[in-house]
Amino acid sequence: MSLPRSWRKKLFLALADAAHLFALKRNRVIRQNLTFAFDQTLNSQERQEIERYCYRNLALNLLQTMENRRNSPEQIASMVTFNNRECVDTLLAEGKGIIFVSAHFGNWELAGAAISSLITPIASIYRGFKRSEFDPYLHEARSRHRMELAEKNGALKHIAKTLKKNGSTLIMIDQASNAKYGVKVDFFNHPTYHFSTAAHLASKFHTPIIGVYITTEDDNHYTITFENPIVLENSDDASILEATTQQVRTLEKLIQEHPKLWFWCHKRWKGEYKDIYTG
């Protein structure tokens, strides 16, 4: 890209604002999610800010994807500050792999690139765009920074091989799940299925789980925070449920603190409460 980054950013944010004006169906999903999660505790101005920023955040992630195709590790390092990194460094120094868990929250593309390029290579599940012509851009942006990608079909086998060799992986835990692949945990006071993949992998390969989330106040400088490790001693149902519950509690607390940073425009509760998306 030949334009200065500040110009590119302004362009992408302008496109996001335009999309917000015309994406009426998606706006309705955002409002339905906010009402379901927060009831009436958000005022009109807060709801409008979250709705608008949902598009802006998506645009910033798309911009980050394009820039990651050219960014150097030094450029990425200049944008981020790590919090509680010592818990990660300690485990890596002991030769252990890590199951990082995160969400579509804040600039997740920057977070993934920062971890894999500045701390340790990671394997991640790769899910392409609906329009496949964009896939090469996403693949190049992630693989450039030592991220090893596994397509969704068969991805668990690839990740299992990585963990068996004491490598590290990154799993997104905030998308809709079901009884086959998850366990039910309260999420914003609603019993909701959440993927238990990280917990099952942690128990099988004796690998600690670390939540990692990225926040920002100005969309220029970012803080990447690592949660303290979750260690599973057993593989029974109660242990899997407890480990998954810890992950969900952390994510919900973070969303409560920074509601505009989460990806509200997907139908998170479509499996358990599909009626909230009618009308």
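**View 1. D89 and its partner R85.** In this predicted model, D89 comes out as partly exposed, at 34% relative accessibility. Its salt-bridge partner is R85, and the closest N and O atoms of the two sit 3.2 Å apart. R85 is partly exposed too, with a relative accessibility of 26%.

**View 2. A salt bridge between K96 and E94.** Here the closest N and O atoms are 3.4 Å apart. K96 has 38% relative accessibility, so it counts as partly exposed. E94, at 48%, also counts as partly exposed. Elsewhere, salt bridges with shared partners tie R5, R8 and E67 into one network.

**View 3. R69 reaching across the chain to E140.** The structure holds 12 salt bridges, and one of them pairs the side chains of R69 and E140 at 3.0 Å, N to O. This one links distant parts of the chain: R69 lies in the loop between α3 and α4, while E140 is 71 residues away in helix α7 (residues 135-143).

View 4. Helices α1 (5-22), α3 (44-68) and α4 (73-77) each give two or more residues to the lining. Sorted by class, that lining has 5 charged, 4 nonpolar and 3 polar residues.

View 5. L11 belongs to helix α1 and is partly exposed, with a relative accessible area of 43%.

Conventions: Residues are numbered from 1 along each chain as its sequence is written. This is a predicted model: local features need pLDDT of at least 70, side-chain atom pairs count only at pLDDT 80 or more; totals for chains, interfaces and linings use all residues. Side-chain values use heavy atoms; hydrogens and water are left out. Helices (H or I, at least four residues) and strands (E, at least two) are DSSP runs, numbered from the N terminus. Ala, Val, Leu, Ile, Met, Phe, Trp, Tyr, Cys and Pro count as nonpolar, Asp, Glu, Lys and Arg as charged, and the others, Gly among them, as polar. Buried means under 20% relative accessible area, exposed over 50%, partly exposed in between (1.4 Å probe, protein chains only). A salt bridge is a side-chain nitrogen of Lys or Arg within 4 Å of a carboxyl oxygen of Asp or Glu.
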